[in-house]
Amino acid sequence: MKNIKALLKLDYLLVAPYWLWFVLFFGISFILGVFMNQGFAFMVSWTIFAGTIMAFPFENTEKSNMNMLFAQLPTNRKSIVSARYMFIFIVLFLSLIIGIAGGLILDTIFSNSHAEMYYEFGINLSLFSLPMMLLSLSLSFGLYLLNVGFQTPFLYKVGYKKGKIFMWIPIIVVQAAMMLPAILNLFNVENPNRFNVFNIMIDNSTISTFIALGVGIVSAVLSYIFSRKIYLNKDV
């Protein structure tokens with residue numbers, strides 16, 4: 001346990017120099033939330049952006065040539081991987097707290113807009129609504145772990161320089177899914193709004209909540225298994 005605490009502290013020190021990226025991602029997400037007049041957009045986008053932050057320990061390790069240091073630490077490689085994934089969940093927990101706080105602030109500001117949208121979707125789209133809060137939390141949880149879970153094994157396999165592209169792939173896929181109606185409209189597809197992911201999730205909020213939680217859990221478990229296997233068989 002003592003080794004795990006030391007490794008968690010080391011991961012924190014590897015991330016700390018990049019705190020301005022936290023501010024940048026928060027700002028981008030907040031602007032998106034203002035643009036869409038809702039805390040839901042801020043909360044979900046902020047959390048998936050926060051997932052890219054977990055590539056920074058790999059970047060700093062590679063830049064500082066610290067791979068040999070990790071190899072000489074008085075602990076085994078399984079503990080190193082376990083500590084990294086514990087740190088991933090700590091960042092997730094903090095991101096959710098920040099996301100909830102920022103989302104509630106935006107929803108307070110745009111309460112009148114939510115009243116209008118309520119009649120369109122038939123559900124209270126404010127995070128002050130329990131179904132919406134649960135959906136937002138589950139999506140944030142699932143998208144964060146999908147992003148981190150997808151990128152981390154690649155970062156262990158090929159390092160940050162070659163593997164950094166993989167941290168953006170989940171974000172690009174999610175953004176493409178959200179923009180699908182606009183994309184289909186360019187090809188003159190009839191009634192492209194029926195492919196609106198946001199509408200589908202709102203109409204099926206309970207199912208969407210469980211799917212998002214399942215995706216997050218499966219992503220985390222598979223990612224940990226692959227990362228540990230890769231790192232245990234990797235030459236430093």
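**Aromatic pairs, a buried serine and a surface patch**

Phe26 and Phe30 sit four residues apart in helix H2 (residues 19-35), so about one helical turn separates them. This is a predicted model, and the values below are computed from it.

Start with that pair. Phe26 is partly exposed, at 30% relative accessibility. Phe30 is also partly exposed, at 25%. Both values fall between the 20% limit for buried and the 50% limit for exposed.

Now move to another ring pair. The ring centres of Phe154 and Phe166 are 3.8 Å apart and their planes meet at 5 degrees, so this pair is stacked. The cut-off for stacking is under 30 degrees. Phe154 belongs to helix H8, whereas Phe166 lies in the loop between H8 and helix H9 (169-178), so the pair ties together parts 12 residues apart in sequence. Phe154 itself is partly exposed, with a relative accessibility of 31%.

How many aromatic pairs does the whole structure hold? A search finds 14. Among them is the pair of Phe26 and Phe30, which is stacked, with 5.9 Å from centre to centre and 20 degrees between the planes. Ring pairs also build a cluster, linking Tyr18, Trp21, Phe25, Phe49 and Phe56.

Go back to helix H8, which spans residues 130-163 and contains Ser140. Is Ser140 buried or exposed? Its relative accessibility is 0%, so Ser140 counts as buried. The limit for buried is under 20%.

What surrounds Ser140? Setting aside neighbours within four places in sequence, Ser140 is in contact with Met43, Val44, Thr47 and Leu96. With Thr47 there is also a polar contact: the two side chains are joined at 3.5 Å. Ser140 and Ala50 are 90 residues apart in sequence, yet their C-alpha atoms are 10.0 Å apart in space.

Ile217 is partly exposed, because its relative accessible area is 48% and the exposed class begins over 50%.

Technical notes: Residues numbered from 1 in each chain as written. Predicted model: local features only at pLDDT ≥ 70, side-chain atom pairs only at ≥ 80, totals over all residues. Heavy atoms only, no water. Buried < 20%, exposed > 50% of the residue type's maximum accessible area, 1.4 Å probe, protein only. Helix = DSSP H or I, 4+ residues; strand = E, 2+ residues; numbered from the N terminus. Contact = heavy atoms within 4.5 Å. Polar contact = N/O pair within 3.5 Å; in protein donor to acceptor, adjacent residues only side chain to side chain. Phe/Tyr/Trp six-rings, centres within 6.5 Å; stacked < 30°, edge-to-face > 60°.
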